[in-house]
Amino acid sequence: AGQGVKLLNILGKYCEAFSSMVEGKNKVSTDQLSGGARIHYIFQSIFVKSLEEIDPCKNISDEDIRTSIQNSDGPKGAMFLPEVPFEILVRKQIDRLLDPSLQCAKFIYDELVKISHGCLTSELQKYPILKRRMGESVSNFLRDGLRPAETMITHIIEMEMDYINTSHSSFVGGSKVVELAKHEGLSSRGPTSLSVHKDGVGISSEAQLKSSTENNVQLKSERGQKSRAVFARDTSRGATAEKGFQPDTDAGTSVAGGGQNGHSLVSGSLSSMSDPRGYSLNSLYSMIRLREPPSTLKPSENKTDRDRTEIAIVKLLVKSYYDIVRKSIEDAVPKAIMHFLVNHTKRELHNVLIRKLYRESLLDDMLRETDEVLIRRQRIQETLQVLEQAHRVLLLF
(Lines give C-alpha, C1' and ligand atoms only; values in the text may rest on other atoms or scores of the structure.)
Protein backbone atom coordinates (compact mmCIF):
# COMPACT_ATOMS: atom_id res chain seq x y z
CA ALA A 1 0.00 0.00 0.00
CA GLY A 2 2.90 2.35 0.62
CA GLN A 3 4.75 1.76 -2.64
CA GLY A 4 3.20 4.73 -4.43
CA VAL A 5 4.00 7.11 -1.58
CA LYS A 6 7.50 5.72 -1.34
CA LEU A 7 8.13 6.32 -5.05
CA LEU A 8 6.76 9.89 -4.91
CA ASN A 9 9.04 10.69 -1.97
CA ILE A 10 12.08 9.36 -3.82
CA LEU A 11 11.28 11.38 -6.96
CA GLY A 12 10.62 14.53 -4.94
CA LYS A 13 13.92 14.28 -3.05
CA TYR A 14 15.79 13.64 -6.29
CA CYS A 15 14.41 16.73 -8.08
CA GLU A 16 15.01 18.88 -5.01
CA ALA A 17 18.63 17.74 -4.84
CA PHE A 18 19.06 18.45 -8.57
CA SER A 19 17.79 22.04 -8.25
CA SER A 20 19.90 22.63 -5.15
CA MET A 21 23.07 21.52 -6.92
CA VAL A 22 22.38 23.76 -9.91
CA GLU A 23 21.57 26.78 -7.72
CA GLY A 24 24.49 26.15 -5.33
CA LYS A 25 22.27 25.54 -2.27
CA ASN A 26 23.55 22.08 -1.51
CA LYS A 27 26.45 21.22 0.76
CA VAL A 28 29.30 23.49 -0.34
CA SER A 29 32.53 21.73 -1.26
CA THR A 30 35.88 23.31 -0.48
CA ASP A 31 37.88 20.98 -2.73
CA GLN A 32 36.63 21.84 -6.21
CA LEU A 33 33.88 23.59 -8.17
CA SER A 34 30.65 21.68 -8.53
CA GLY A 35 27.11 22.07 -9.82
CA GLY A 36 26.11 25.55 -10.95
CA ALA A 37 29.60 26.93 -10.31
CA ARG A 38 30.93 24.72 -13.09
CA ILE A 39 28.22 26.03 -15.42
CA HIS A 40 29.25 29.62 -14.67
CA TYR A 41 32.91 28.71 -15.26
CA ILE A 42 32.08 27.26 -18.69
CA PHE A 43 30.18 30.41 -19.67
CA GLN A 44 32.73 33.00 -18.54
CA SER A 45 36.13 31.34 -18.43
CA ILE A 46 35.79 29.05 -21.44
CA PHE A 47 33.14 30.39 -23.84
CA VAL A 48 33.53 34.17 -23.42
CA LYS A 49 37.31 34.03 -23.09
CA SER A 50 37.63 31.88 -26.22
CA LEU A 51 35.57 34.32 -28.28
CA GLU A 52 37.62 37.28 -27.05
CA GLU A 53 40.83 35.57 -28.16
CA ILE A 54 39.63 35.16 -31.76
CA ASP A 55 41.24 37.54 -34.25
CA PRO A 56 38.54 38.39 -36.83
CA CYS A 57 41.14 39.20 -39.49
CA LYS A 58 43.44 36.24 -38.88
CA ASN A 59 42.01 34.16 -41.72
CA ILE A 60 41.53 37.14 -44.06
CA SER A 61 44.49 37.95 -46.27
CA ASP A 62 45.08 41.24 -48.04
CA GLU A 63 44.68 39.45 -51.36
CA ASP A 64 41.25 38.18 -50.31
CA ILE A 65 40.18 41.73 -49.55
CA ARG A 66 41.58 43.11 -52.81
CA THR A 67 39.93 40.33 -54.82
CA SER A 68 36.54 40.89 -53.23
CA ILE A 69 36.81 44.66 -53.79
CA GLN A 70 37.74 44.29 -57.46
CA ASN A 71 35.01 41.69 -58.04
CA SER A 72 32.47 44.10 -56.56
CA ASP A 73 33.62 46.89 -58.88
CA GLY A 74 32.58 44.92 -61.97
CA PRO A 75 33.82 46.09 -65.38
CA LYS A 76 34.58 49.59 -64.16
CA GLY A 77 36.54 50.85 -61.22
CA ALA A 78 34.40 52.30 -58.45
CA MET A 79 34.98 55.74 -56.95
CA PHE A 80 33.84 54.47 -53.57
CA LEU A 81 34.70 51.31 -51.69
CA PRO A 82 31.65 49.07 -52.17
CA GLU A 83 29.68 47.56 -49.28
CA VAL A 84 29.74 44.02 -50.64
CA PRO A 85 33.34 43.11 -49.64
CA PHE A 86 32.79 44.31 -46.07
CA GLU A 87 29.52 42.38 -45.73
CA ILE A 88 30.96 39.19 -47.24
CA LEU A 89 34.00 39.23 -44.97
CA VAL A 90 32.11 40.10 -41.80
CA ARG A 91 29.53 37.37 -42.45
CA LYS A 92 32.33 34.83 -42.73
CA GLN A 93 33.63 35.89 -39.32
CA ILE A 94 30.17 35.80 -37.72
CA ASP A 95 29.66 32.29 -39.07
CA ARG A 96 32.80 31.20 -37.18
CA LEU A 97 30.96 31.91 -33.90
CA LEU A 98 28.43 29.11 -34.49
CA ASP A 99 30.67 26.14 -33.66
CA PRO A 100 31.96 27.43 -30.28
CA SER A 101 28.42 28.41 -29.32
CA LEU A 102 27.11 24.91 -30.02
CA GLN A 103 30.07 23.42 -28.17
CA CYS A 104 29.19 25.55 -25.16
CA ALA A 105 25.66 24.11 -25.15
CA LYS A 106 27.08 20.59 -25.33
CA PHE A 107 29.40 21.29 -22.37
CA ILE A 108 26.45 22.48 -20.26
CA TYR A 109 24.49 19.37 -21.24
CA ASP A 110 27.38 17.17 -20.06
CA GLU A 111 27.50 19.06 -16.75
CA LEU A 112 23.77 18.54 -16.18
CA VAL A 113 24.20 14.83 -16.83
CA LYS A 114 26.96 14.75 -14.19
CA ILE A 115 24.72 16.63 -11.74
CA SER A 116 21.90 14.15 -12.36
CA HIS A 117 24.21 11.27 -11.52
CA GLY A 118 25.36 13.00 -8.35
CA CYS A 119 21.79 13.45 -7.15
CA LEU A 120 21.13 9.71 -6.92
CA THR A 121 20.78 9.40 -3.17
CA SER A 122 21.91 6.44 -1.13
CA GLU A 123 18.28 5.40 -0.82
CA LEU A 124 18.24 4.65 -4.54
CA GLN A 125 21.09 2.18 -4.13
CA LYS A 126 18.54 -0.33 -2.81
CA TYR A 127 16.45 -0.09 -6.00
CA PRO A 128 18.67 -0.78 -9.03
CA ILE A 129 15.78 -0.94 -11.49
CA LEU A 130 14.37 2.40 -10.33
CA LYS A 131 17.84 3.94 -10.44
CA ARG A 132 18.37 2.80 -14.00
CA ARG A 133 14.91 3.96 -15.12
CA MET A 134 15.42 7.39 -13.55
CA GLY A 135 18.84 7.76 -15.19
CA GLU A 136 17.39 6.96 -18.60
CA SER A 137 14.45 9.32 -18.16
CA VAL A 138 16.63 12.23 -17.04
CA SER A 139 19.14 11.70 -19.88
CA ASN A 140 16.37 11.63 -22.50
CA PHE A 141 14.79 14.74 -21.01
CA LEU A 142 18.10 16.63 -21.03
CA ARG A 143 18.73 15.55 -24.61
CA ASP A 144 15.29 16.83 -25.61
CA GLY A 145 16.11 20.16 -23.96
CA LEU A 146 19.44 20.42 -25.79
CA ARG A 147 17.79 20.42 -29.24
CA PRO A 148 15.77 23.66 -28.85
CA ALA A 149 18.81 25.33 -27.26
CA GLU A 150 20.95 24.43 -30.28
CA THR A 151 18.17 25.56 -32.62
CA MET A 152 17.91 28.92 -30.84
CA ILE A 153 21.68 29.41 -30.95
CA THR A 154 21.68 28.70 -34.69
CA HIS A 155 18.89 31.25 -35.20
CA ILE A 156 20.83 33.86 -33.20
CA ILE A 157 23.90 33.47 -35.43
CA GLU A 158 21.78 33.48 -38.59
CA MET A 159 19.99 36.67 -37.51
CA GLU A 160 23.34 38.40 -37.02
CA MET A 161 24.42 37.27 -40.50
CA ASP A 162 21.17 38.26 -42.21
CA TYR A 163 21.23 41.90 -41.09
CA ILE A 164 24.47 43.86 -40.90
CA ASN A 165 23.51 46.90 -38.85
CA THR A 166 26.09 49.53 -39.76
CA SER A 167 23.97 52.13 -37.94
CA HIS A 168 24.84 50.61 -34.58
CA SER A 169 26.01 53.24 -32.13
CA SER A 170 29.20 51.32 -31.35
CA PHE A 171 30.15 50.72 -34.99
CA VAL A 172 33.30 52.62 -36.00
CA GLY A 173 32.23 54.13 -39.30
CA GLY A 174 32.46 57.44 -41.10
CA SER A 175 35.33 59.70 -40.11
CA LYS A 176 36.11 57.51 -37.07
CA VAL A 177 37.56 54.70 -39.14
CA VAL A 178 39.69 57.17 -41.12
CA GLU A 179 41.13 58.61 -37.92
CA LEU A 180 41.89 55.12 -36.64
CA ALA A 181 43.58 54.20 -39.90
CA LYS A 182 45.78 57.28 -39.69
CA HIS A 183 46.49 56.72 -36.01
CA GLU A 184 47.59 53.12 -36.53
CA GLY A 185 49.76 54.12 -39.46
CA LEU A 186 47.90 51.87 -41.87
CA SER A 187 47.65 54.61 -44.46
CA SER A 188 51.03 56.25 -43.94
CA ARG A 189 52.00 56.37 -47.64
CA GLY A 190 51.70 60.15 -47.80
CA PRO A 191 48.77 62.35 -46.70
CA THR A 192 45.47 61.28 -48.19
CA SER A 193 42.20 63.03 -47.59
CA LEU A 194 39.54 60.33 -47.39
CA SER A 195 35.85 60.88 -47.77
CA VAL A 196 33.48 58.26 -46.40
CA HIS A 197 30.21 57.11 -47.86
CA LYS A 198 27.45 55.48 -45.82
CA ASP A 199 29.02 55.11 -42.38
CA GLY A 200 32.45 54.22 -43.59
CA VAL A 201 31.46 51.39 -45.89
CA GLY A 202 31.93 53.46 -49.07
CA ILE A 203 35.25 55.32 -49.13
CA SER A 204 37.21 57.33 -51.72
CA SER A 205 40.54 59.15 -51.80
CA GLU A 206 40.39 62.78 -52.92
CA ALA A 207 44.11 62.94 -53.49
CA GLN A 208 44.02 59.85 -55.66
CA LEU A 209 40.92 61.13 -57.46
CA LYS A 210 42.67 64.43 -58.22
CA SER A 211 45.79 62.61 -59.42
CA SER A 212 43.68 60.28 -61.54
CA THR A 213 41.85 63.25 -63.11
CA GLU A 214 45.13 65.01 -63.97
CA ASN A 215 46.51 61.80 -65.48
CA ASN A 216 43.36 61.38 -67.60
CA VAL A 217 43.63 64.95 -68.89
CA GLN A 218 47.32 64.45 -69.74
CA LEU A 219 46.57 61.10 -71.37
CA LYS A 220 43.81 62.60 -73.51
CA SER A 221 46.14 65.41 -74.57
CA GLU A 222 48.86 62.94 -75.57
CA ARG A 223 46.33 60.80 -77.44
CA GLY A 224 45.10 63.87 -79.29
CA GLN A 225 48.64 64.82 -80.32
CA LYS A 226 49.36 61.25 -81.45
CA SER A 227 46.13 61.13 -83.43
CA ARG A 228 46.95 64.39 -85.21
CA ALA A 229 50.48 63.16 -85.95
CA VAL A 230 49.22 59.87 -87.36
CA PHE A 231 46.61 61.69 -89.43
CA ALA A 232 49.24 64.03 -90.85
CA ARG A 233 51.61 61.13 -91.54
CA ASP A 234 48.90 59.11 -93.22
CA THR A 235 47.90 62.10 -95.34
CA SER A 236 51.48 62.63 -96.49
CA ARG A 237 51.80 58.96 -97.28
CA GLY A 238 48.63 59.04 -99.28
CA ALA A 239 49.86 62.02 -101.20
CA THR A 240 53.17 60.28 -101.90
CA ALA A 241 51.43 57.16 -103.10
CA GLU A 242 49.25 59.16 -105.46
CA LYS A 243 52.40 60.65 -107.01
CA GLY A 244 53.83 57.20 -107.63
CA PHE A 245 56.50 57.31 -104.98
CA GLN A 246 57.26 54.40 -102.62
CA PRO A 247 56.20 55.21 -98.97
CA ASP A 248 58.89 55.03 -96.32
CA THR A 249 58.90 52.31 -93.71
CA ASP A 250 58.01 53.40 -90.17
CA ALA A 251 59.84 52.06 -87.08
CA GLY A 252 61.41 49.16 -88.95
CA THR A 253 58.12 47.89 -90.39
CA SER A 254 58.29 47.49 -94.19
CA VAL A 255 55.25 47.91 -96.35
CA ALA A 256 53.97 44.75 -98.01
CA GLY A 257 55.21 44.68 -101.56
CA GLY A 258 56.80 48.14 -101.29
CA GLY A 259 59.59 48.05 -98.68
CA GLN A 260 63.21 48.02 -99.58
CA ASN A 261 63.79 44.77 -97.74
CA GLY A 262 60.84 43.14 -99.42
CA HIS A 263 59.41 41.76 -96.11
CA SER A 264 56.03 42.31 -94.44
CA LEU A 265 54.85 41.82 -90.83
CA VAL A 266 51.21 41.69 -91.88
CA SER A 267 49.42 38.55 -93.04
CA GLY A 268 49.05 38.07 -96.78
CA SER A 269 45.28 38.52 -96.77
CA LEU A 270 45.60 41.91 -95.11
CA SER A 271 48.57 43.03 -97.21
CA SER A 272 46.70 42.25 -100.39
CA MET A 273 43.96 44.71 -99.47
CA SER A 274 44.27 48.21 -100.86
CA ASP A 275 42.57 51.50 -100.39
CA PRO A 276 40.60 53.03 -103.29
CA ARG A 277 43.13 55.82 -103.29
CA GLY A 278 45.84 53.35 -104.29
CA TYR A 279 47.94 52.56 -101.21
CA SER A 280 48.04 49.42 -99.12
CA LEU A 281 46.15 49.29 -95.79
CA ASN A 282 49.11 47.70 -94.06
CA SER A 283 50.78 51.07 -94.18
CA LEU A 284 48.15 52.23 -91.64
CA TYR A 285 47.77 49.16 -89.43
CA SER A 286 50.04 46.60 -87.84
CA MET A 287 48.90 43.24 -86.52
CA ILE A 288 49.15 43.13 -82.68
CA ARG A 289 48.25 39.84 -81.08
CA LEU A 290 46.98 40.02 -77.49
CA ARG A 291 47.88 37.50 -74.88
CA GLU A 292 44.90 35.38 -73.89
CA PRO A 293 43.76 35.83 -70.26
CA PRO A 294 44.50 32.86 -68.00
CA SER A 295 41.67 30.72 -66.64
CA THR A 296 42.37 31.94 -63.09
CA LEU A 297 43.00 35.65 -62.51
CA LYS A 298 44.44 37.23 -59.38
CA PRO A 299 44.98 40.90 -58.51
CA SER A 300 48.35 42.31 -59.47
CA GLU A 301 51.08 41.97 -56.89
CA ASN A 302 51.85 45.68 -56.91
CA LYS A 303 49.66 47.48 -54.38
CA THR A 304 48.82 51.12 -54.87
CA ASP A 305 48.29 53.60 -52.07
CA ARG A 306 44.59 53.29 -52.62
CA ASP A 307 44.77 49.49 -52.31
CA ARG A 308 46.59 49.76 -48.99
CA THR A 309 44.13 52.32 -47.69
CA GLU A 310 41.10 50.28 -48.71
CA ILE A 311 42.52 47.09 -47.18
CA ALA A 312 43.30 48.85 -43.90
CA ILE A 313 39.86 50.40 -43.66
CA VAL A 314 38.04 47.16 -44.51
CA LYS A 315 39.95 45.39 -41.73
CA LEU A 316 39.05 48.12 -39.25
CA LEU A 317 35.39 47.91 -40.24
CA VAL A 318 35.37 44.12 -39.93
CA LYS A 319 37.00 44.24 -36.50
CA SER A 320 34.63 46.92 -35.28
CA TYR A 321 31.48 45.11 -36.34
CA TYR A 322 32.79 41.72 -35.22
CA ASP A 323 33.30 43.11 -31.70
CA ILE A 324 29.68 44.26 -31.66
CA VAL A 325 28.40 40.84 -32.71
CA ARG A 326 30.78 39.00 -30.39
CA LYS A 327 29.50 40.88 -27.35
CA SER A 328 25.93 40.16 -28.40
CA ILE A 329 26.68 36.44 -28.82
CA GLU A 330 28.50 36.29 -25.48
CA ASP A 331 25.31 37.54 -23.84
CA ALA A 332 22.65 35.77 -25.92
CA VAL A 333 24.08 32.23 -26.08
CA PRO A 334 24.29 31.67 -22.27
CA LYS A 335 20.76 33.05 -21.94
CA ALA A 336 19.47 30.63 -24.58
CA ILE A 337 21.19 27.69 -22.87
CA MET A 338 19.87 28.68 -19.44
CA HIS A 339 16.32 29.15 -20.72
CA PHE A 340 15.92 26.12 -22.98
CA LEU A 341 18.14 23.64 -21.11
CA VAL A 342 19.02 24.45 -17.49
CA ASN A 343 15.96 26.26 -16.15
CA HIS A 344 13.59 24.21 -18.27
CA THR A 345 15.06 21.05 -16.71
CA LYS A 346 14.62 22.42 -13.19
CA ARG A 347 11.00 23.41 -13.83
CA GLU A 348 9.79 20.29 -15.60
CA LEU A 349 11.95 17.45 -14.29
CA HIS A 350 9.60 16.44 -11.46
CA ASN A 351 6.56 16.31 -13.73
CA VAL A 352 8.44 14.32 -16.36
CA LEU A 353 9.63 11.72 -13.85
CA ILE A 354 6.14 11.25 -12.44
CA ARG A 355 4.67 10.93 -15.91
CA LYS A 356 7.32 8.40 -16.96
CA LEU A 357 7.73 6.32 -13.78
CA TYR A 358 4.66 6.59 -11.56
CA ARG A 359 2.57 3.72 -12.86
CA GLU A 360 0.74 1.08 -10.86
CA SER A 361 1.96 -1.72 -13.10
CA LEU A 362 5.60 -0.73 -12.61
CA LEU A 363 5.69 -0.20 -8.83
CA ASP A 364 6.55 -3.78 -7.88
CA ASP A 365 9.26 -3.97 -10.51
CA MET A 366 10.91 -0.60 -9.80
CA LEU A 367 10.82 -0.94 -6.00
CA ARG A 368 12.31 -4.40 -6.04
CA GLU A 369 15.31 -4.48 -3.78
CA THR A 370 18.68 -6.06 -4.48
CA ASP A 371 19.46 -9.61 -3.35
CA GLU A 372 21.95 -8.31 -0.81
CA VAL A 373 19.30 -6.12 0.80
CA LEU A 374 16.81 -8.99 0.84
CA ILE A 375 19.31 -11.35 2.50
CA ARG A 376 20.28 -8.69 5.04
CA ARG A 377 16.63 -7.95 5.86
CA GLN A 378 15.89 -11.64 6.32
CA ARG A 379 18.81 -12.01 8.74
CA ILE A 380 17.75 -8.96 10.72
CA GLN A 381 14.19 -10.29 10.95
CA GLU A 382 15.46 -13.61 12.26
CA THR A 383 17.66 -11.83 14.83
CA LEU A 384 14.69 -9.71 15.86
CA GLN A 385 12.55 -12.80 16.45
CA VAL A 386 15.27 -14.36 18.64
CA LEU A 387 15.63 -11.20 20.69
CA GLU A 388 11.89 -10.88 21.18
CA GLN A 389 11.72 -14.49 22.36
CA ALA A 390 14.60 -13.90 24.77
CA HIS A 391 12.83 -10.78 26.06
CA ARG A 392 9.70 -12.73 26.78
CA VAL A 393 11.70 -15.40 28.63
CA LEU A 394 13.37 -12.76 30.74
CA LEU A 395 10.02 -11.30 31.67
CA LEU A 396 8.98 -14.68 33.14
CA PHE A 397 11.66 -14.47 35.80
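**Glu 111 and its surroundings**

Leaving out residues up to four places away in sequence, Glu 111 touches Arg 38, Ile 39 and Ile 42, where contact means heavy atoms within 4.5 Å. Glu 111 sits in helix H5. Helices here are DSSP runs of H or I with at least four residues, strands are runs of E with at least two, and both are numbered from the N terminus.

Before going on, a word on the source. This is a predicted model, in which local features need pLDDT of at least 70 and side-chain atom pairs count only at pLDDT 80 or more, while totals for chains, interfaces and linings use all residues. Residues are numbered from 1 along each chain as its sequence is written, and side-chain values use heavy atoms, with hydrogens and water left out.

Is Glu 111 buried or exposed? Glu 111 counts as buried because its relative accessibility is 7%. The cut-offs are under 20% relative accessible area for buried and over 50% for exposed, with partly exposed in between, using a 1.4 Å probe and protein chains only.

Glu 330 is placed in helix H10. With a relative accessibility of 13%, Glu 330 also counts as buried. Beyond its neighbours within four places in sequence, Glu 330 is in contact with Phe 47, Val 48, Leu 51 and Glu 52.

Asp 371 is another acidic residue, and its place is in helix H12, residues 371–396. Asp 371 is exposed, because its relative accessible area is 57%. Asp 371 and Lys 126 are 245 residues apart along the chain, and their C-alpha atoms are separated by 9.3 Å.

**The chain as a whole**

The chain has 12 helices and 2 strands. In sequence order the pattern is α-α-α-α-α-α-α-β-β-α-α-α-α-α. Of the 397 residues in the chain, 35% are buried. Among contacts with a separation of 6 or more, 80% are between residues 24 or more positions apart.

Now the confidence. The mean pLDDT of the chain is 74, and 64% of the residues reach 70 or more; pLDDT is the predictor's confidence in each residue, from 0 to 100. Which stretches stay under 50? One is residues 186–213, for which the model has 63 contacts beyond four places in sequence. Another is residues 226–272, with 34 such contacts.

**The nonpolar core**

In soluble globular proteins, nonpolar side chains tend to be buried together. A nonpolar core is taken here as a set of buried Ala, Val, Leu, Ile, Met, Phe, Trp, Tyr and Cys residues joined through side-chain atoms within 4.5 Å. The largest one has 70 residues, and Leu 112 and Leu 130 have the most contacts inside it. The elements giving two or more residues to this core include H1 (3–23), H5 (98–118), H6 (128–162) and H10 (305–357). H10 supplies the largest share, 20 residues.

What does Leu 112 contact, leaving aside its neighbours within four places in sequence? The list is Phe 18, Val 22, Ile 39, Leu 142, Leu 341, Val 342 and Thr 345.

**How the helices pack**

Two packed helices are described by the angle between their axes and the distance between the axes. Axes are lines fitted to C-alpha atoms, for helices over the stretch in contact, and angles run from 0 to 180 degrees between N-to-C directions.

H5 and H6 pack at about 160°, with their axes 10 Å apart. H5 and H6 are therefore roughly antiparallel; angles under 35 degrees count as roughly parallel, over 145 as roughly antiparallel, 65 to 115 as roughly perpendicular and the rest as oblique. Among the residues that make the contact are Leu 112 of H5 and Leu 142 of H6.

The axes of H1 and H5 come within 9 Å and cross at roughly 135°, which means H1 is oblique to H5. In this pair, Tyr 14, Phe 18, Met 21 and Val 22 in H1 meet Leu 112, Ile 115, Ser 116 and Gly 118 in H5.

H1 and H6 pack at about 45°, with their axes 13 Å apart, and are therefore oblique to each other. Here Leu 7, Ile 10, Leu 11 and Tyr 14 in H1 meet Leu 130, Met 134 and Val 138 in H6.
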